[in-house]
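Colleague: I'm new to reading protein models. Could you walk me through one, feature by feature?

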Amino acid sequence: MATVISYGAAEVVTGSCHLLELDSGTRILVDCGMFQGREEHRNFGPFDFDADSIDYLLVTHAHLDHVGRIPKLVKEGFHGTIVATDATFALAEVVLLDSAKIMKEDYLTYYKKAQRRGTEGKVPQPLYEEKDVDAALSLPKIIPEYEKAFALCDGVTVTYRNAGHILGSAFIEIVYTEGGEKRKIVFSGDIGNDNDMVIPNLVSCENADFLYVESTYGDRNHKGAVESEEEFRSIITDTLKNWGNVLIPSFAIERTQEILCILKEMHDKGELPECKIFLDSPMATRATTIYKEYAEKLLSTECQKIKKRDGTVFDFDGLIYTLTVDESKAINDVNERAIIIAGSGMCSGGRILHHFKNRLWNPKNTVLFVGYQAVGTLGRRIVDGAKWIKLYHEDIRIKASMHTINGFSAHADQTGILHWVKEIKDLQRIFLIHGEEEKQEVLKEVMGERLHEKAHIVEPEEVIYLS
């Protein structure tokens, strides 16, 4: 009997990693992501399965919490085939190289400080280096096209379908034979919010026997896309008219591109007050370049119209890409009317922290959160109402205005999840993953009430028998 064990994203949002073992002995890993926030320590232990025994790694999309431990998996012995869309491979290279760079820099910083205390032996080594990323991306690959089923191995067929989450994202349908009967299991990955701003909307799943579905926002609904955009525009305009600055901690992939689309439209329509806009994230800049490369193939109809009209989807006068450290530091000389988009999205590192240090204390400024803030992250502490934070050994008083707009989320909300699941025929069992436990409890109850479906909240390393 086939089994699934979740070694990540079980009762938490991060660290997506699910092992499907078939009767034939074939072992398929779906995602191998990094833990973030209060679960971060779990990245440093060995995998709780034999990496060498994995035959295939199927990747849903290139966010760090879905791909971040792939080089570590290779270091520990994985030498099988990696399956992902072409765009996912392109973005994953950017994400993983950036991750390796940050881990190396953090290690050297912590090691130097530990040396002065005589505790350098306790500083954990980086999970992997750039050479490990290169080794992972050099493994055998299968690059599927959306909607086209392919044979993974004898008796196993796989189909990737557009999840509407980020560029190249997919939910994965796996069909296998057991006891002479065909069975289908679907792993949702992260499914999109249907705002159709940059990425086309999530497509439907026709049927499945077993469904592993994300539940990040299973307890709530987002504001509507139109309402969220209006709120975004209003906050930007009001802050700039008050001669303040807007700080936007943003995820490099998808969220940044959505923000650029809105700001470009505001600029083109003459709605944007005179200002300077800085994309202060080398990673986001590289990701935006990849989005541009796939504009005519994978972006929304509206983005394709903009590309045809202007020759570019995201660029406009006043937008400045700051790649070097010196360029980033120079932003400090701009005292007013600046929009600064910088990583990381959850404020766990990156250039946004330097801008926080220089601008959080000013009540004229605004911090605009446009993405999910995981428990245990600095972003979550600020969203939850922190009055002070410590940055670079300095206490910073928070006086800037704080705004959170969840309508930009690349994740489906409760209504979106229910609508997608409702359309799936022949469902026997539903398993909830990729969500905080209290939110999963809400979604489980709602699924029972509205869909008359009994969902199961997957526990860490619980063995699920697909029967």
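Colleague: Which residue is the bridge partner of V186 in β11?

Modeller: In β11, V186 has L211 as its bridge partner. Strands and helices here are DSSP runs numbered from the N terminus: E for strands, at least two residues, and H or I for helices, at least four. Two strands pair if DSSP finds at least two bridges between them. Here β10 (residues 181-187) and β11 (residues 210-214) pair in the parallel sense over 3 bridges. I185 stands opposite F210 in β11.

One caution: this is a predicted model, where local features need pLDDT of at least 70 and side-chain atom pairs count only at pLDDT 80 or more, while totals for chains, interfaces and linings use all residues. Residues are numbered from 1 along each chain as its sequence is written, and side-chain values use heavy atoms, with hydrogens and water left out.

Colleague: How many bridges join β9 to β10, and in which sense do they run?

Modeller: There are 7 bridges, and β9 and β10 run antiparallel. E178 stands opposite E181 in β10. The hairpin has 2 residues between the strands, and G179 takes a positive phi near 60 degrees there.

Colleague: What should I picture for the side chains along a strand?

Modeller: In a regular strand they alternate between the two faces of the sheet. As for cover, 5 of the 7 residues of β10 are buried, where buried means under 20% relative accessible area, exposed over 50%, and partly exposed in between (1.4 Å probe, protein chains only).

Colleague: What is the order of the strands in the open sheet?

Modeller: It goes β7-β8-β9-β10-β11-β20-β21, 7 strands with mixed pairing. At the edges are β7 (150-153) and β21 (455-457), each pairing on one side only. From one strand to the next, the twist averages 25 degrees. Angles run from 0 to 180 degrees between N-to-C directions, using axes fitted to C-alpha atoms, for helices over the stretch in contact.

Colleague: Which strands do helices α13 and α14 lie across?

Modeller: Helix α13 (residues 414-422) lies across β9 (170-178), β10, β11 and β20 (429-433), at about 165 degrees to β11. Helix α14 (residues 437-451) lies across β11, β20 and β21, at about 160 degrees to β20.

Colleague: And how do I describe two helices that pack together?

Modeller: Two packed helices are described by the angle between their axes and the distance between the axes. For α13 and α14 the angle is about 50 degrees, with the axes 11 Å apart. That makes the pair oblique: under 35 degrees counts as roughly parallel, over 145 as roughly antiparallel, 65 to 115 as roughly perpendicular, and the rest as oblique. Q414, I417, L418, V421 and K422 in α13 meet V442, L443, V446, M447, R450 and L451 in α14; contact means heavy atoms within 4.5 Å.

Colleague: What span should helix α6 have?

Modeller: The expected span is 1.5 Å times one less than the number of residues. For the 14 residues of α6 (residues 255-268) that gives 20 Å, and the end C-alpha atoms are 20 Å apart, which agrees. Among the buried ones are R255, I259 and M266. After α6 comes G270, with a positive phi near 75 degrees.

Colleague: Is P460 buried, exposed or partly exposed, and where is it?

Modeller: P460 is in the loop between β21 and β22 (463-465), and at 40% relative accessibility it counts as partly exposed. Leaving aside neighbours within four places in sequence, P460 is in contact with S6, A10 and E11.
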